[in-house]
Amino acid sequence: MYKRLLINVSILLLPLVAVVLAVNIKVDSGFVINHRSKEIAEILVSGANAGVKYIPSTFGSLQTAIIEERIRIHDLKKKDIVVFGTSRSSEVNSEIFPQNTFFNCAVPGGNILDYIALYGLYNSNHMLPKYLVISIDPWTFHARRAVTINKKVQYISDPSSPLVADKDLESNYRFGMVSLGLKEEAQRKKNARTLSPDDLIQMLSPDYFQTNIQSIFDKMVIKTDRNNVDSYFIIRSDGGYSLMQQSQIDSFYVKENSFKFIDVNKSNFFISADTSSIYWSYFKKLLINLKSHEVTPIVYISPVNPIVYEHLSNSLRVDLEEGIDVFCKDNNILRIGSFNPNKYGYNYVGNYFMDAYHPVGPVVRNIFYSHRNELKDLGVIISNNLN
Amino acid sequence: MAFVPVYILILGFTIVVDYFAGIYIEGAEGKQRKFFLILSLIANVGVLAVFKYYNFLNQNFSFLLHGFGLNNPIPYLAILLPIGLSFHTFQAMSYTIEVYRGRQKAERHFGIYSLYVMFYPQLVAGPIERPQNLLHQFRERFDFDYDRVTSGLRLMAWGLFKKVVIADRLGIVVDTVYSNPEQYNSLNLMIATFFFSFQIFCDFSGYSDMAIGAAQVMGFKLMTNFDKPYQSKSVNEFWKRWHISLSTWFRDYLYLSLGGNRVTIPRWYLNLFIVFLVSGLWHGANWTFIIWGSLHGFYLIFALATKNGRERFNNFFLLNRFPILSVFTTFALVSFAWIFFRADDVNTAFYIATHIFTGVPDLIKKALSHESVFQAIGTSKFDLILSVVLIAFLEIVHYVQRKKGIYAILNECPKVIRWSIYYMLLLVILFFGEFNQSSFIYFQF
């Protein structure tokens with residue numbers, strides 16, 4: 001009787017499990033086991049943009065993998081301008097700098113340790129640019145922890161924990177640290193390209209199956225010359241990307257998301273808390289070291305959504321920005337942008353922000369354009385095309 | 001609502017208290033019996049009062065003092081509500097009350113008594129069992145029975161279908177609208193409320209099916225908790241079909257203790273109202289639940305008070321020839337009450353309760369001038385249609401079950417058809433289930 005039950009349940013369930021497994025492995029729309037970084041890098045190297053069906057769950061690591069891959073196949077020749085940044089600076093693109101060669105190393109969620117790793121990568125390949133735009137974000141000097149809030153994964157500040165460096169760029173990180181004369185060891189993130197038990201469980205997930213079945217006849221990676229392709233996330237050949245198209249912005253979501261962001265990220269706007277002061281010293285060291293390599297650093301701060309900033313300025317001082325101001329003035333470093341959107345005339349949400357802290361492309365271009373004279377003094381010409 | 005490992009001690013505390021209370025009640029005479037019962041009830045209700053109601057009562061006390069310009073010196077407790085507390089507390093209370101009433105022998109085996117309170121399939125959300133039904137089963141020996149096991153598995157699969165395919169799908173619309181009702185017109189408020197009526201049914205009855213099915217696989221028989229409640233022709237009938245284990249608990253231990261209907265008519269009405277008020281409070285420490293319970297109490301009292309008049313009216317207009325009208329009326333009344341159950345706070349509930357109807361003329365105007373009355377409510381058109389189809393399917397299954405149990409019908413089918421139905425059910429779960437949605441609604445109680 002037991003045997004009969006076991007056989008019947010197996011006959012009933014095994015084919016379904018097999019179908020789920022087969023579809024999830026074959027389609028793998030979240031790039032869980034098939035990372036496709038080489039395929040994407042090759043498209044980008046050819047000068048075209050790459051479209052991926054979904055923003056991969058491990059996009060931060062995918063982006064570093066793509067950058068590394070591109071450097072490995074000698075694509076990224078020495079550029080005039082390079083950006084070390086995050087998703088908040090992913091809209092900085094080559095069109096802003098018509099007279100210079102450009103590449104944007106925007107690693108989603110990147111922090112100062114990732115910048116040091118990228119510095120190590122560029123330095124070891126003798127590709128340090130003439131100008132390095134370094135993006136400062138609320139979490140640049142703070143560890144973040146993923147938590148589930150209202151059923152969605154969000155990152156909250158965890159100032160007492162050490163930062164985590166991307167394992168994909170480990171050797172570059174080590175090289176960067178040594179080049180800067182720093183000895184502090186950081187924890188490593190899980191290498192996204194190594195299969196974990198969670199990844200294998202994901203292959204059995206019915207939820208993932210549903211996502212995959214909808215894309216079963218779609219191409220997961222496409223080659224395109226356009227910057228917008230419906231239902232694809234585009235990684236530009238210049239390294240930048242748009243998290244969302246203008247038409248997808250939902251003002252209601254933007255407002256709701258802003259209030260959630262305020263609640264969980266307040267302390268990210270400080271550099272005084274616990275471990276952040278150590279990483280702040282790394283940052284200063286990096287800028288000074290860049291200058292010694294005749295690289296002109298430019299510090300860039302993307303604005304946060306006016307709802308977020310209004311709440312912050314009502315309740316606390318943004319001392320991270322003040323600290324950057326003082327340091328840049330003392331060391332004659334150009335600093336552009338601000339957490340404060342009002343400085344550039346964005347005093348209401350409109351369609352200028354896709355959520356709490358990601359400005360859209362025209363906002364970023366306008367900020368660079370507003371500083372065109374200071375940038376011109378440094379030898380960088382800014383396009384007057386603001387659209 | 002939370003699972004905090006150390007909170008297992010609360011469960012341990014009530015188990016120890018009720019275990020000994022049962023033995024002492026059985027061995028005692030006269031007033032002593034009552035004394036031990038009261039001790040046990042104080043311990044159980046006390047745990048509920050501290051963990052579930054203390055902060056609510058304190059908050060209301062603060063509000064009251066604030067009205068007189070005073071500050072509340074009583075501190076709030078930084079505690080979470082242990083998962084399933086109301087369920088296992090009520091199950092434990094039913095044991096000591098039954099021993100007190102002499103209808104159940106005190107259980108001497110501590111392990112068996114603990115199992116009665118902690119029996120895992122129904123620990124966190126019922127059905128709230130009675131000792132007469134469950135305790136003796138723990139002493140029985142169950143041999144493997146293929147039909148029993150497969151029947152339990154089928155019930156679990158049906159419960160899973162109701163939870164992940166229907167309840168969680170409907171929940172997307174309900175959550176979207178109920179979190180910002182001001183953004184939506186009357187039609188959408190109606191759709192969300194209609195959906196919530198089925199969401200909560202599928203969520204809770206889905207859990208009950210899985211609990212009963214899981215117990216059945218192991219050989220245990222738990223009581224039925226739902227019996228096609230939305231086919232009820234009156235609110236009174238609805239409460240005989242909805243969360244049966246709780247409504248019978250209140251009937252047996254509260255309503256009858258208050259005198260039931262063997263009292264004067266005003267007192268009878270008061271008894272009914274008290275029962276539903278307490279039932280509302282049982283669900284949660286929030287005024288929304290109290291209003292929900294009171295509303296049901298009001299429905300029942302109104303129905304009793306107007307019974308003769310309504311019958312004459314129905315006879316005169318021949319409405320009694322169309323029982324479906326009673327089903328619709330009952331469903332509408334129950335759904336209206338669900339607004340208070342689902343809304344996050346009283347203001348939101350009143351906003352929805354008032355705007356669900358006041359915007360109707362505007363909707364009609366728009367519809368007549370061929371303007372769209374639909375708004376985006378967090379789901380695609382396909383999902384919306386699918387949701388309605390699933391609700392219709394559910395009620396068709398319930399309709400078929402009125403004449404013959406669905407499992408009996410299945411068993412009569414040729415194997416090929418039976419297996420095709422199983423595959424269809426599993427495929428529907430696989431393709432249309434919402435797997436990243438919430439836990440069960442009733443876990444919070």
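Visitor: What share of the contacts in chain B with a separation of 6 or more comes from residues 24 or more positions apart?

Guide: A contact here means heavy atoms within 4.5 Å. In chain B, 75% of the contacts with a separation of 6 or more join residues 24 or more positions apart. As to the source, this is a predicted model, in which local features need pLDDT of at least 70 and side-chain atom pairs count only at pLDDT 80 or more, while totals for chains, interfaces and linings use all residues; side-chain values use heavy atoms, with hydrogens and water left out. Residues are numbered from 1 along each chain as its sequence is written, and chains are lettered from A and ligands numbered from 1 in the order in which they are written.

Visitor: How many helices and strands does chain B have?

Guide: Helices (H or I, at least four residues) and strands (E, at least two) are DSSP runs, numbered from the N terminus. Chain B has 19 helices and 0 strands.

Visitor: What percentage of chain B counts as buried?

Guide: Buried means under 20% relative accessible area, exposed over 50%, and partly exposed in between, with a 1.4 Å probe and protein chains only. By that rule, 50% of the 445 residues of chain B are buried. The accessible surface, from the Shrake-Rupley method with a 1.4 Å probe, comes to about 21,900 Å² for chain B, and 68% of that belongs to carbon and sulfur atoms.

Visitor: Which residues are buried in helix α4 of chain B?

Guide: In α4(B), residues 110-118, the buried ones are I112(B), Y113(B), S114(B), Y116(B) and V117(B). Their cover includes α1 (8-27), α3 (85-100), α5 (120-123) and α6 (131-134) of chain B.

Visitor: At what angle do α2(B) and α3(B) pack?

Guide: Two packed helices are described by the angle between their axes and the distance between the axes. Axes are lines fitted to C-alpha atoms, for helices over the stretch in contact, and angles run from 0 to 180 degrees between N-to-C directions. Helix α2(B), residues 30-67, packs on α3(B) at about 175°, with the axes 10 Å apart. The two helices are therefore roughly antiparallel. That label applies to angles over 145 degrees; under 35 is roughly parallel, 65 to 115 roughly perpendicular, and the rest oblique. Among the residues making the contact are L37(B), L41(B) and F51(B) of α2(B) and F90(B), M93(B) and Y100(B) of α3(B).

Visitor: In what order do the strands of the 5-stranded sheet of chain A lie?

Guide: Two strands pair if DSSP finds at least two bridges between them. The open sheet runs β3-β2-β4-β11-β12 in chain A, with parallel pairing. The twist from one strand to the next averages 20°.

Visitor: Which way do the residues of β2(A) point?

Guide: In a regular strand the side chains alternate between the two faces of the sheet. From β2(A), I81(A), V83(A) and G85(A) point one way and V82(A) and F84(A) the other, all of them buried. Strand β2(A), residues 81-85, pairs with β3(A) over 5 bridges, where I81(A) has F102(A) as its bridge partner and F84(A) has C105(A). On β4(A), to which β2(A) is joined by 4 bridges, V133(A) stands opposite V83(A).

Visitor: Which helices lie across strands of this sheet?

Guide: Helix α4(A), residues 112-124, lies across β2, β3 and β4 of chain A at about 150° to β2(A). Helix α9(A), residues 276-292, lies across β4 and β11 of chain A at about 170° to β4(A).

Visitor: How many strands are in the antiparallel sheet with β1(A)?

Guide: That open sheet has 3 strands, ordered β9-β1-β10 in chain A. Strands β9 (221-224) and β10 (233-235) of chain A form the edges. Strand β1(A), residues 49-52, pairs with β9(A) over 4 bridges, and V52(A) stands opposite V221(A).

Visitor: Why does D238(A) count as buried?

Guide: D238(A) is buried because its relative accessibility is 7%. It sits in the loop between β10 and α8 (251-265) of chain A. Beyond four places in sequence, D238(A) touches N93(A), S94(A), F102(A), F103(A) and N104(A).
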